[in-house]
Amino acid sequence: MRTILKLTATLHEDLVQRLRVPHDFAGERVAFLKCRPALSATSLLLLAGGVHHVEDEDYVDDPSAGATVGRSGLRKALQAAYREAVSMVHVHLHEHRGRPRFSRTDLRENALFVPDFWNVQPSLPHGAVVFSFNSAVGQCWIPGRSSPSSVEVAIVGSPMRCTWKVTNG
Amino acid sequence: MGDKLNLQRQSFLGADSEIVLGRSKAALVGIGGGGSHIAQQLAHIGLGSFLPIDPDFIEDTNLNRLVGATMEDVKLGIAKVDIAERVIKAVNPAAEVIKRRANWTEVTSELRDVDIIFACVDSISCRSELEGFARRFLIPLIDIGMDVQESSGEFSISGQVMLSMPGKPCMRCMGLVNDEALAKEAARYGVAGAKPQVVWPNGTLASIAVGFFMKLVTPWETRKETPLLLEYDGDAQTVAQSYKLAYLPACCKHFDSLNELGDPFWTPDALAIVE
């Protein structure tokens, strides 16, 4: 089974624009895509319909990481997941072209905080995705499974961009 | 020469175009006068996967416009999806064709998997419902429609091709679907006679629809944006951007809620069925 995150090009453009706004001290910004899940004949679909942005004051000054979200920021994200009954997909941007990779820190932190969303939405899948300017990779935690599955990303717009359909995706 | 489609003459579509097309999947909802043209053209351009959906069998009245159908098919009562499969496979034997002789509402699980839906349906209500489905699963939909109207003792041919892109204006935004038209159609239900249909307007509209699709998946230039709605004047033999485009909102107000996304009856238990 494939896991696919789908978002409109409009949402993607807005997201990237916001992620690129410099922060006073954090090296990068992060956000959460609010998604609703669905099953197709072959795939788990995460359909993004909005963004929960991490507010400026919710970053912690932590030179060891590009962006560290403080307790209050995580609490707000958890509240959004609970209130809106959504799957949450943590996103950040690596400012280059080509297929991005999660850093070791990303992988370690993803495994720690993404499953936390099961405390408020236990039946929904949650995940983390890193975008580059023209590609993306991700991980998804599915209820009932201990290890994450990989996520493909489809940006629905003109042009259509699907990470699994191009040689450098 | 093997069974592999040689796409050398369309390599200008991009270095990855053959791969992208080969990994793309289109649903054709309605394999009649319009859908049969689209199926044939998508086979020629090297689309990898097809999901043709139509509950009907060929009839003699379809032969004036259904591309690939023969008199023999009529005598044997062949399903339209079987004819589509034959046409596609004759051009590209490597293409995957998952045909469904059914209404689209019966195959929604498979329909969620496609990259694009070509809507080649007759009624406004069906258009509207199919667009609602496509928006829910973030699938672009290309709709084609033609009409022949009688006026003052003469006939007039018209039609349109519309791209319904998630996040962008929808059929309601463009006035193709509205409550009045739906009510009128509902009132006529069961009494309408066979609609006039001919092959060449269908071919024109289908070709434009395929052009819309190609611009989405293998854009060969980026200077000109594909208009969301083109109108066909079959009498003047012209195609032009709709005047409605000037009045459209930037985004759609009819499908802008998180609640209109995804599976309304989501349960993780269903994951076991997919695997």
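B:Leu51 is buried, because 24 other C-beta atoms lie within 10 Å, and the cut-off for a buried residue is 20 or more. The model is predicted, and this count is computed from its atoms. B:Leu51 belongs to strand S2 of chain B, which covers residues 49–53. Leaving aside residues up to four places away in sequence, B:Leu51 touches B:Lys25, B:Ala26 and B:Ala27, then B:Ile98 and B:Arg100, and also B:Glu110, B:Leu111 and B:Val114.

S5(B) and S6(B) make a hairpin, with two residues between the strands. In the turn, B:Ser152 has a positive phi of about 50°. S6(B) also pairs with strand S7 of chain B (residues 229–233), again in antiparallel fashion, through five bridges. Here B:Met162 stands opposite B:Leu229 of S7(B).

Two packed helices are described by the angle between their axes and the distance between the axes. For helix H6 (residues 124–136) and helix H7 (residues 179–188) of chain B, the axes come within 9 Å and cross at roughly 130°. On the H6(B) side the contact involves B:Ile124, B:Ser125 and B:Ser128, which meet B:Ala181, B:Leu182 and B:Glu185 of H7(B). Sorted by class, the residues of this contact are three nonpolar, two polar and one charged.

Chain A can be described as a whole. Its secondary structure comes to three helices and 10 strands, in the order β-α-β-β-β-β-α-β-α-β-β-β-β from the N terminus. The radius of gyration of chain A is 15 Å, close to the 15 Å given by the globule rule for 169 residues, so the chain is as compact as a globular protein of that length. Along the principal axes, the C-alpha atoms of chain A fill a box of roughly 45 × 35 × 30 Å. Of the 169 residues in chain A, 42% are buried. Among contacts in chain A between residues at least 6 apart in sequence, 64% join residues at least 24 apart.

Conventions. Residues are numbered from 1 along each chain as its sequence is written. Chains are lettered from A and ligands numbered from 1 in the order in which they are written. This is a predicted model: local features need pLDDT of at least 70, side-chain atom pairs count only at pLDDT 80 or more; totals for chains, interfaces and linings use all residues. Helices (H or I, at least four residues) and strands (E, at least two) are DSSP runs, numbered from the N terminus. A residue is buried if 20 or more other C-beta atoms lie within 10 Å of its own, exposed if 12 or fewer, and partly exposed in between; C-beta atoms are placed from the backbone. Two residues are in contact if their C-beta atoms, placed from the backbone, lie within 7 Å. Two strands pair if DSSP finds at least two bridges between them. Axes are lines fitted to C-alpha atoms, for helices over the stretch in contact, and angles run from 0 to 180 degrees between N-to-C directions. Ala, Val, Leu, Ile, Met, Phe, Trp, Tyr, Cys and Pro count as nonpolar, Asp, Glu, Lys and Arg as charged, and the others, Gly among them, as polar. The radius of gyration is taken over C-alpha atoms; the globule rule is 2.2 Å times the number of residues to the power 0.38.
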